[in-house]
Amino acid sequence: MRTLLAAALIATSACATATASDLTLDDSIRFDASLDELRPVFDASCASWEAVTLNPAELPIAQTSHVQVNCQGFRHAGGNRLAEFVFADDSMAFVWVLIDAGELDGFAQDMRGVYGAPTHDTAMFTAFADHNAALRRDIPEFLFYSQSIAPMYRGWYDQMAAQ
């Protein structure tokens, strides 16, 4: 009986920790892909979604267009979440996946298990710049971004960590 109880407790605690696949984006979500290329992914991955065109001035990396896909019911990190896929000039640049504030500490630890030591760790964020990923604390969310804008994010992390 104790063996069964111990096995159940181990299985339960293992489920509480996110796995690498829970904390990374599916391979079908391709950075630098166009909105049209990713429509089938959104149809399959979102309970519902909408594309919203924003003013390019709101996104410094956009020259001609800034579109955000708001994806409801996106399966990530063990839950159905709101994900925001951001396109600059019809190229997917980054993804925000919103979480609850109470999940931050657990996900920060889980991300260390997946990505290793963070490159930057501040009160505002924990960044894994070598993996183009971060966890924001000021607005509880995951951030994933394309290799093409990785230098911009690393510079921002460096600047914020120096303050």
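## Helix α4: length and faces

In this predicted model, helix α4 comprises the 12 residues 104-115. At 1.5 Å a residue, helix α4 should span 16 Å, and its end C-alpha atoms are 16 Å apart, which agrees with that expectation. The buried residues of α4 are Leu-104, Phe-107, Ala-108, Asp-110, Met-111 and Tyr-115. These residues lie on the same side of α4, because they cover an arc of only 165° around the axis. An α-helix has 3.6 residues a turn, so residues three or four places apart point the same way.

The exposed residues Asp-105, Gln-109 and Gly-113 are carried by the face of α4 turned away from its buried side. Just after α4 comes Gly-116, which takes a positive phi of about 90°.

## Ser-146: a buried loop residue

The loop between β8 (141-145) and α5 contains Ser-146. Ser-146 counts as buried because its relative accessibility is 1%, and buried means under 20%. Leaving aside residues up to four places away in sequence, Ser-146 touches Phe-31, Asp-32, Met-92, Ala-93 and Asn-132.

## Gly-155 in helix α5

Helix α5 covers residues 150-162 and includes Gly-155. With a relative accessibility of 35%, Gly-155 counts as partly exposed. From C-alpha to C-alpha, Gly-155 and Ala-129 are 9.9 Å apart in space, while 26 residues apart in sequence.

Methods: Residues numbered from 1 in each chain as written. Predicted model: local features only at pLDDT ≥ 70, side-chain atom pairs only at ≥ 80, totals over all residues. Heavy atoms only, no water. Helix = DSSP H or I, 4+ residues; strand = E, 2+ residues; numbered from the N terminus. Buried < 20%, exposed > 50% of the residue type's maximum accessible area, 1.4 Å probe, protein only. Expected span 1.5 Å × (residues − 1). Arc of directions from axis to C-beta. Contact = heavy atoms within 4.5 Å.
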